[in-house]
Structures are given as C-alpha cells and as structure tokens.
Amino acid sequence: MKLTVKAGVPASEKGELIALGLFEGSGVAGEATAVDKALGGLIADVLKSGDFTGKLNQTLVFPTGGKVGAKRVLLVGLGKSDDLTIDRIRQAAGKTLTTVRDMGVKTFATTVYGTDVDGLDAGDAAKAFAEGLELATYQYNKYRTLDKDKQKSVDAVTLLVADKAMVELVDEAADYAHAIASSVAFTKDLVSAPANDMTPSDMANAAKKMASEVGLTCRVLTEKDMEKLGMGALLGVAQGSINDEPPRFIVLEYMPNGSKQAPLVFVGKGITFDTGGISIKPSEGMEKMKYDMAGGAAVIGALRAIARLQLPLNVVGLVPATENMPSGDAIHPGDVLTSMSGITIEVINTDAEGRLILADALTYAERYKPRGVVDLATLTGACVIALGSNAIGLMTNDDEFGERVRQAGERASERAWKLPLWDEYHEQIKSDIADLKNTGGRPGGTITAGAFLSKFAKNYKWTHLDIAGTAWEEKGKPYTPKGASGIGVRLLVELAEDYANADEAAEAPTPLKAAAAKPAAAKAPAKTATATKSAAVKAPAAKAAPAKTTKSAPAAKAAPAKAPAKAPAKKR
Ligand code: BES
Ligand code: MN
Ligand code: ZN
C-alpha cells in the first residue's frame with residue numbers, strides 16, 4: 001500500500017472516496033465544514049438524525065452525487081474530542097482502512113485525524129495514524145490459492161494535510177511508522193507460518209536474511225555450539241527432534257555505539273511447535289501451538305525496526321529456537337537437566353519447556369553485561385486465565401526497570417500488568433532431587449514460571465513478559481486483524497527509544513550553558529547519532545516532552561532539574 005502526503009482540501013480532492021474524522025458531540029467542524037457545505041448540509045443532517053454520532057470507530061459512507069471531488073464520503077467517529085488518545089487515532093485509522101478495503105475500493109484520500117488537537121503532539125498523532133492504517137492492512141495469504149481475485153486490498157492512500165510544513169511533518173511520521181508497522185508485519189509472517197514452514201532453521205534463516213537487509217549482525221549457534229556452551233536445558237527440550245529438526249540459537253546484534261555502551265538485551269521464546277513432548281497436550285487446539293515462537297518473532301521484528309530507525313543505542317536479540325516433540329529420544333518426566341548456569345532442573349512436566357530454553361538464553365545474556373534484559377514468551381496457559389487477551393503478564397527483579405518496560409507498553413498500547421515474585425512462590429519450584437523443578441503446580445502458574453526464570457536472570461535488571469494471552473488475536477481489533485498480533489514489537493521499540501532519549505538527555509549540556517550558548521536550542525530538532533547513514537528513516541520533528549509523561553518518563557528524570565523539557569527531545 002502506497003502512502004502519499006499532499007497539501008490540499010478534502011472538498012476538492014478527486015477520487016473514489018474521501019474519509020473524514022468527526023468527533024462525537026462537536027457537530028460539523030474542521031475539514032468537514034467545506035464538504036458539508038458543498039453537499040448542501042448533508043453531514044449536518046446525518047448528525048441531527050442520529051444515524052451517525054461520531055462514536056469511536058463508528059462509520060458511515062454515502063455517495064456525493066458529484067457535489068465534491070470524491071465519489072463517496074466516509075465519516076469515521078473519533079469519540080469525544082477530550083477523550084482522543086494516540087491509540088484512539090491508531091484505531092480510527094485502522095477502522096478507516098478496513099472499511100474502505102471491505103467495500104472493494106482500491107484508493108482513497110483521508111485527512112490525518114488528531115493532528116490539530118490540543119494536548120496531542122502533531123508528529124505523534126500523524127505517526128499513530130499512519131501506523132494504524134498500515135497495521136490494519138495485514139493479511140497472511142501465503143497459502144491461499146483459491147479465489148485470489150476476491151482478496152481485497154487498498155493500493156494507495158493519499159493523506160491530505162493543510163500546508164507544506166505539515167507535508168514534511170506527516171511524511172517523516174509516515175516513514176517512521178512504516179519502519180515499525182512493516183516490522184510488525186514481518187513478525188506476524190513468522191508467527192502465522194505453520195510449523196512445517198517455520199522450523200528452528202527456517203526461523204534462523206529468516207533472521208539472517210532480515211539482518212543482511214537492514215544491516216544487523218546475525219549469528220546462529222547450532223546444537224554443537226550449544227553442547228560446548230553446556231546449554232543442557234535447551235538441548236533437553238530439543239532432544240525429541242534432535243535428529244530431524246535441530247535447534248538453533250539466534251543472536252542478533254545491533255551495536256551502533258560499539259563496545260563503549262552496555263546493550264539492552266531482548267530474549268524471545270522460540271518454540272516453533274509445542275506438542276507438550278511426552279507430557280503431550282490434548283489434540284484439541286494443538287494446532288495453535290505454532291505460535292509458541294511469538295516471543296522470539298517479536299524480538300527479531302523489534303531488532304529489525306530498531307535497525308531501520310537507526311536508534312542510537314546498542315541492542316541485542318537472543319532467540320533459542322526448537323520444537324518440543326515426543327519421540328524415542330525425547331526427555332522423560334523426571335529427567336534431570338544441567339543448565340548452562342550449572343543449576344540442575346528436575347523436569348516434572350515436559351510441557352513446561354519454555355522456561356527451560358529461556359533459562360539457558362538468560363544465562364547466555366550475561367556475557368553482554370546488559371543494562372537490562374527483557375524476555376518475551378508465550379509461557380503459561382495460566383496467564384491466559386489470569387489476564388485474558390488484554391494484558392501481558394509482567395514480572396521483574398527490579399521495580400524501576402519493570403515500570404519502565406510497563407510504560408513503554410502503555411505508549412505502544414501493548415499493555416502489561418505486574419504480578420508479584422515473592423519468596424513464597426519460589427517454594428513451589430524446589431525439587432526433592434535437584435536444585436529446581438520445572439513446574440510448581442497449577443496455583444499461581446504464571447508466577448511460578450516467572451520465579452523459575454528469575455533464578456537464571458542474575459547479575460542484571462530483568463523483566464519477564466508472559467504474552468501467552470496476547471500473542472494471538474482471536475476476534476480482531478480495529479488495527480489488529482485476527483491471527484498473530486505481533487505483540488511486543490512496538491513495546492520493545494518504545495523501550496529502546498526511551499533509552500536512546502535518556503542517553504541523549506544525559507549527554508546534553510546543562511540548560512544554563514545551553515541557554516547561554518544557543519538561545520534557540522529548544523526548537524532544534526533532536527539529531528540521531530547515526531542519522532548520517534543514507535538508509536536512515538528520519539524522525540519527525542522533535543517535540544518537547546509532553547507534560548503528561550514528564551513526571552514518570554525516565555528520560556525526563558535523567559534531564560537536569562528544571563530543564564524546560566528541552567533536553568529529552570523525542571525521536572519521533
Ligand atoms: N506454550 C505453552 C503455554 C501456552 C498456553 C501458550 C496457551 C499460549 C496459549 C507452554 O509451553 C505450556 O505448555 N505451559 C504449561 C505449563 C504447565 C505444564 C506447568 C501450561 O501453561 O499449561
Ligand atoms: Mn508447553
Ligand atoms: Zn510452550
């Protein structure tokens with residue numbers, strides 16, 4: 001889908017359809033006014049009749065009879081203007097796209113919702129709008145061969161803005177959004193692929209190919225390397241398919257700051273199919289277990305986005321990838337595995353395999369002396385029961401770091417909710433014959449899994465995200481179609497941006513000196529350290545940190561006291 005930004009007014013825009021966002025209870029306003037006038041007050045009539053009220057994501061389409069440039073007008077509800085948020089813009093954009101697509105219309109023009117609303121940054125609004133449009137287009141059509149002509153898609157969208165300055169701002173925001181949304185689609189492709197088309201080797205090859213395209217370093221460890229490293233927990237899970245589909249350990253490194261900066265490390269569970277092993281799962285619904293590599297796929301997608309955006313910080317992605325299969329070679333319940341850390345694990349249930357492969361990945365992460373580690377995993381069915389499909393389960397060994405991760409999730413609308421890792425829960429995973437056992441029974445199943453991981457997340461700040469309930473969208477939401485949700489990609493990108501902004505704020509001169517040297521410094525756009533590379537996607541104009549986030553954003557905290565929000569300039 002091609003996005004073009006241009007200056008113009010909706011009433012005179014020629015084409016199949018023009019989309020307009022309308023607030024609930026605000027009457028005909030803004031760009032709709034001229035269209036309404038040309039249509040002889042039709043929009044006002046529709047509002048009066050109550051057929052369309054402007055409720056969030058409500059839509060109404062009608063023909064214009066040639067009274068304006070476009071053949072049809074689509075009204076999209078934005079909800080009450082005071083309630084507008086970045087995520088509501090994303091939603092309304094997604095709803096616009098899917099509505100037009102389902103009508104079979106191939107091209108349309110639209111205004112950019114929310115860019116002129118008090119309290120929202122125009123660049124953030126434009127980015128969210130473009131993100132919502134592109135995220136909503138996702139379809140996994142690789143295996144559909146019948147009725148190809150019935151598959152609908154929008155080819156081109158024109159974003160209509162007021163003037164030249166806005167063209168530039170929205171253009172940059174759209175580029176930025178594309179780096180992210182295309183990475184989410186990349187992740188969804190990995191997750192949607194069936195297990196016979198997404199083996200550990202396939203996953204590693206996809207990571208390698210992507211890495212070479214965006215300029216990342218990718219190394220893939222084989223079972224031989226794992227043996228040398230003593231990754232007994234990962235190899236234990238891989239044992240059932242070791243002769244058929246060997247495991248791979250994917251290492252992605254994005255190090256623009258070289259060895260002088262400790263990296264953020266992202267770890268993702270990469271079980272390309274989870275049968276449960278000898279503790280086999282019931283067959284009903286087992287086909288869904290192809291998405292047990294969603295954490296790993298999110299990590300790979302996030303590294304893609306971060307590299308494409310050329311964020312000025314070091315980030316590493318680690319993905320232990322294996323199947324979990326029963327066979328004559330498979331581990332038995334009761335087997336004891338020796339992990340890379342030396343900790344021994346009694347395997348009570350071979351279906352609690354995610355924590356085993358993550359244990360060795362978390363130990364491997366130590367070699368980076370990370371500034372923080374986030375792992376993502378479709379780890380427990382208990383998390384689906386506890387939080388459903390609207391929240392990621394979050395556990396951490398450092399409350400401040402955990403909160404920073406949670407806030408990144410808030411900004412991305414990939415929301416997380418913290419669960420406790422109190423000592424009492426650790427009792428449940430003590431083994432009679434080894435250091436640990438891999439299950440703690442059903443009570444608190446999400447937490448005992450987190451407690452297990454915490455034993456391996458030593459020597460660094462760590463946050464665990466259980467995405468079992470959120471990695472697969474059952475119903476479909478305005479900008480998240482049914483199927484793989486790509487959860488985690490946008491959260492991780494937000495977190496990386498936050499760290500990059502904080503680094504920059506920490507390096508920035510004190511406000512006093514800055515003011516003396518350069519009075520206009522506050523308006524200068526933030527420069528990205530690596531922005532010299534030609535492939536860089538330029539960030540939209542910098543903006544002052546909004547007052548709302550100043551209180552809690554670590555970037556703002558790192559800034560010198562009383563800095564008038566100039567130091568922590570945002571990179572989008
Ligand atoms: N991959 C599953 C968890 C899962 C369940 C993800 C549903 C997505 C949807 C994980 O490997 C698993 O099987 N966990 C077990 C652990 C139990 C045996 C302690 C579970 O949750 O039942
Ligand atoms: Mn399992
Ligand atoms: Zn699993």
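Metal donors here are N, O and S atoms within 2.8 Å of the metal (3.2 Å for Na, K and Ca), and since water is not among the atoms, sites may look incomplete. With that in mind, Asp274 bridges the zinc ion (ligand 3) and the manganese ion (ligand 2), which lie 3.1 Å apart.

This is a predicted model, where local features need pLDDT of at least 70, side-chain atom pairs count only at pLDDT 80 or more, and totals for chains, interfaces and linings use all residues. Residues are numbered from 1 along each chain as its sequence is written, chains are lettered from A and ligands numbered from 1 in written order, and side-chain values use heavy atoms, leaving out hydrogens and water.

**Zinc site**

- Asp274 sits in strand β10 (residues 270-274) and Asp292 in the loop between β10 and α9 (294-309), so to speak distant parts of the chain, 18 residues apart.
- Helices (H or I, at least four residues) and strands (E, at least two) are DSSP runs, numbered from the N terminus.
- Asp274 is buried, at 3% relative accessible area, and Asp292 is buried too, at 2%; buried means under 20%, exposed over 50% and partly exposed in between (1.4 Å probe, protein chains only).

**Ligand 1**

- Ligand 1 has 16 residues around it (a heavy atom within 4 Å), and Lys281, Asp292, Asp351, Glu353 and Gly381 come nearest.
- Polar side-chain atoms reach oxygen atoms of ligand 1 from Asp274 at 2.9 Å and from Glu353 at 2.8 Å.
- A polar backbone atom of Gly381 is 2.6 Å from an oxygen atom of ligand 1.
- On its own, ligand 1 exposes 520 Å², and the protein buries 79% of that (Shrake-Rupley areas, 1.4 Å probe).

**Around strand β4**

- Six of the eight residues of strand β4 (residues 70-77) are buried, so the rest of the structure largely encloses this strand.
- Strand β2 (residues 15-22) runs parallel to β4, joined by seven bridges; pairing takes at least two DSSP bridges between two strands.
- Leu20 stands opposite Leu75 in β4.
- Strand β3 (residues 59-63) pairs with β4 in the antiparallel sense over five bridges, and Thr59 has Val76 as its bridge partner in β4.
- β3 and β4 make a hairpin with six residues between them, and Gly65 in the turn has a positive phi of about 60 degrees.

Conventions
A polar contact is a pair of N or O atoms within 3.5 Å; within protein, one must be able to donate a hydrogen and the other to accept it, and residues adjacent in sequence count only if both atoms are side-chain atoms.
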